[in-house]
Amino acid sequence: MMKFMSGNEAVAYAMKQIDPDVMGAFPITPSTDIPEVFAGYVANGEVNTEYVAVESEHSSMSVCIAAQAAGARAVSATSSCGLALMYELLYVAASSRLPISMACVNRALTGPININNDHSDSMGARDSGWIQLYAENNQEAYDNFIQAMPIGESPAVRLPVMTCMDGFITSHAMENIELLETAAVKAFVGEYRPEHYLLKKDNPLAIGPYDISAYYMEHKVQGAEAMKAAKARILEVAAEFEKVSGRKYGLIEEYRLEDAETAVVLIGSSAGTGKAAVDRLRSQGVKAGLIKIRVFRPFPGEELARALAKTQAVAVLDKSEGFSANGGPVFAETRSALYDLKDRPALVNIVYGLGGRDIRVEDFERVFGRLADIAASGETGPVYVHMGQRSQAQEVMA
Amino acid sequence: MIHAKDINEKTPWQELTPGGEIYEAGTARLYNTGTWRTDTPFFKQENCKHCMLCVPYCPDSAIPVQDGKRQDFVFMHCKGCGICAEICPFEAIEMTPGGAPK
């Protein structure tokens with residue numbers, strides 16, 4: 001069934017089709033529509049969900065943790081400062097191995113205060129133990145949310161899943177998307193049947209105990225192993241999803257990469273603009289390609305190394321400033337992933353699009369132009385630069 | 001399913017429960033946390049009126065009650081916080097320095 005929907009509406013509709021037991025959410029721009037639309041479903045009796053109105057995101061995630069521990073399926077949605085306010089609880093959810101599903105509508109973090117898109121919110125949570133899936137468009141936002149529970153709830157994984165989409169660009173733009181039948185979504189997602197849960201009366205359970213140094217490390221190793229196991233599970237779920245939807249998903253998406261000499265690596269909605277630039281350059285005979293990272297946690301390091309092994313120069317585009325003075329988070333991990341290759345491409349980092357700063361096809365063409373120079377000269381030049389800012393100086397990409 | 005009594009500091013990570021979940025109640029009985037105690041309460045039985053004020057004020061389980069009578073301290077979980085001595089209206093509890101009972 002084709003329907004004209006915003007990214008937020010698409011995720012709220014996926015939640016409606018799943019009919020989770022509990023939603024704990026607090027409205028924050030630009031994810032507000034998700035709890036708002038879903039609250040409408042609750043009020044109209046279209047779902048059986050217990051909607052818990054809370055006073056903060058710290059509480060919304062606490063509600064989800066408690067509900068999931070009790071044996072219920074819990075969902076949430078948030079953005080930016082809301083995600084930041086959940087920070088402590090994100091770790092509690094992941095380390096207690098509670099497979100909560102949450103939509104993160106990416107928005108810049110304050111300050112100065114800004115409500116527009118970049119990835120600084122979810123990138124800040126990248127080490128919390130949550131699986132992170134990123135959508136390029138409304139269709140992917142819908143599809144990723146439906147895949148979240150079968151991934152996170154798998155016994156080998158048991159980790160919470162954050163499905164991310166770009167604020168406003170994806171969350172508010174209207175697109176025609178293909179919806180699955182509700183029965184097909186319910187069958188795909190299945191029932192939540194954890195082995196242990198607080199409301200199981202014949203099995204007393206305590207969760208979240210104090211973990212002294214003689215045990216904490218072992219539990220962190222368990223979490224790390226679960227994150228490794230998630231890679232295979234994400235691909236398994238994607239294969240099952242392809243059977244019901246006809247749409248194919250992986251850890252990364254390679255676009256015109258087979259014989260590419262230069263390539264960009266990025267996350268989210270900018271991939272659409274990047275693909276348009278690649279098409280334009282290909283029509284001029286330039287061997288340009290693109291990789292979109294769909295799954296950032298677990299990080300697809302081996303897959304990126306394989307895909308980029310034959311390229312000559314690569315630009316990793318970060319939509320968040322990590323303030324490491326050494327490049328953004330996507331760059332740091334991509335460069336690390338390529339280190340073991342015998343012949344590595346030259347790699348540069350371009351931080352772009354902060355706080356809603358636009359990126360156009362022409363900007364991608366300039367990136368590919370610089371990559372062509374690097375490939376021809378063998379000189380990488382400045383490795384970590386910003387793009388799109390006003391400057392008094394003649395900067396590399398500004 | 002592994003139980004708390006079968007878990008110790010030699011248990012490998014593969015055998016520990018996910019996230020440290022505990023599949024039974026009352027496992028505090030397995031751990032002598034009284035070893036942390038720095039000060040120790042001393043029960044002066046002759047002053048005690050069995051008003052029971054100290055019992056709910058104890059943050060742990062160090063003051064047993066039997067047949068409506070407050071019994072002497074059980075030190076297995078007593079940390080020596082001194083709340084019982086502070087709250088007692090009859091000077092029936094005296095804090096003594098060190099972890100060893102007087």
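## Where the chains meet

In this predicted model, 18 residues of chain A and eleven residues of chain B make up the contact between the two chains. On the chain B side that touches chain A, six residues are nonpolar, three are charged and two are polar.

## Two domains in chain A

Turning to chain A on its own, you will find domain 1 spanning 2–245 and domain 2 spanning 252–386. Their C-alpha centres are 28 Å apart.

Between them, 20 residues of domain 2 of chain A are in contact with 24 residues of domain 1 of chain A. On the domain 1 side, α6 (120–124), β6 (131–134) and α9 (216–245) of chain A each give two or more residues, and α9(A) provides the largest share with five residues. That side of domain 1 of chain A holds ten nonpolar, eight polar and six charged residues.

## Cis peptide bonds

Two peptide bonds are worth a look as you browse the backbone. The bond from Thr110(A) to Gly111(A) is cis, with omega near 15°; Gly111(A) sits in the loop between β5 (101–106) and α6 of chain A. The bond from Arg297(A) to Pro298(A) is also cis, with omega near -5°, and Pro298(A) belongs to the loop between β12 (295–297) and α11 (301–308) of chain A.

## Positive phi angles

Asp19(A) is not a glycine, yet its phi is positive, at about 55°. This residue lies in the loop joining α1 (7–18) and β2 (22–25) of chain A, and it counts as partly exposed because it has 16 C-beta neighbours inside 10 Å.

Arg256(A), another residue other than glycine, has a positive phi near 50°. Arg256(A) is in the loop between β9 (252–255) and β10 (262–266) of chain A; with 16 C-beta neighbours inside 10 Å, Arg256(A) counts as partly exposed.

Key:
Residues numbered from 1 in each chain as written. Chains lettered and ligands numbered in written order. Predicted model: local features only at pLDDT ≥ 70, side-chain atom pairs only at ≥ 80, totals over all residues. Contact = placed C-beta atoms within 7 Å. Nonpolar A, V, L, I, M, F, W, Y, C, P; charged D, E, K, R; others polar. Domains from an automatic or database assignment. Helix = DSSP H or I, 4+ residues; strand = E, 2+ residues; numbered from the N terminus. Buried ≥ 20, exposed ≤ 12 C-beta atoms within 10 Å, placed from the backbone.
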